[in-house]
Amino acid sequence: MKITESQLRHLINEEIKLAMKNNLIQEKAKDQDDDGDNDFDDVRIARYIKSGKSKEDALKIVKKKSMGKNEST
C-alpha cells in the first residue's frame, strides 16, 4: 500500500489532535493536592509542574500562597 506525503501528514495531524484531546481530558480531572476538590490551587500546581518544578516544590509554593482558601474561617 502506498501513501502520499499529504496523506501521511493528515494522518499524523489527526493522531496529534486525538492525543492532545485525550491528554486535556485526563488533566482536567486531576486533583493535584489530594484535598478532594479540583480548584484553582490544582491548576496552579499543574502549571508549576508543567514549567519544570517537582510536584513537591509546586505543592509547597501553592500551600504557602494559597489563593483558593480563606484561612480565617
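Colleague: Starting with Arg-9, is that residue buried or exposed?
Modeller: Arg-9 counts as exposed, because its relative accessibility is 52%, where exposed means over 50% relative accessible area, buried under 20% and partly exposed in between, with a 1.4 Å probe and protein chains only.

Colleague: And what kind of model are we looking at?
Modeller: This is a predicted model, in which local features need pLDDT of at least 70 and side-chain atom pairs count only at pLDDT 80 or more, while totals for chains, interfaces and linings use all residues. Residues are numbered from 1 along each chain as its sequence is written, and side-chain values use heavy atoms, with hydrogens and water left out.

Colleague: Which residue does Arg-9 form a salt bridge with?
Modeller: Its partner is Glu-5, and the closest N and O atoms are 2.7 Å apart; a salt bridge here is a side-chain nitrogen of Lys or Arg within 4 Å of a carboxyl oxygen of Asp or Glu. Both residues lie in helix H1 (residues 5–28), four residues apart, about one turn of the helix, where helices are DSSP runs (H or I, at least four residues) numbered from the N terminus. Glu-5 is likewise exposed, at 53% relative accessibility.

Colleague: How many salt bridges are there by that rule?
Modeller: The count comes to three. One of them joins Glu-14 to Lys-17, with the closest N and O atoms 3.9 Å apart, and these two are separated by about one helical turn because they sit three residues apart in H1. Glu-14 is partly exposed at 36%, whereas Lys-17 counts as exposed at 53%.

Colleague: Why does that spacing matter for direction?
Modeller: An α-helix has 3.6 residues a turn, so residues three or four places apart point the same way.

Colleague: Switching to H2, which residues are buried there?
Modeller: In helix H2 (residues 40–50) they are Asp-41, Asp-42, Arg-44 and Ile-45. Seen down the axis of H2, these buried residues fall within an arc of 160 degrees, so they line one face of the helix; that arc is taken from the directions from the helix axis to the C-beta atoms. On the other side of H2, Arg-47 and Lys-50 are exposed.

Colleague: What do the buried residues of H2 pack against?
Modeller: They pack against helix H3 (55–64), with contact meaning heavy atoms within 4.5 Å.

Colleague: Back to charges: which residue does Asp-41 form a salt bridge with?
Modeller: Asp-41 pairs with Arg-44, the closest N and O atoms being 3.4 Å apart. Asp-41 has a relative accessible area of 0%, and Arg-44 is buried too, at 10%.

Colleague: And what follows H2?
Modeller: Gly-52 follows, and its phi is positive, near 115 degrees.
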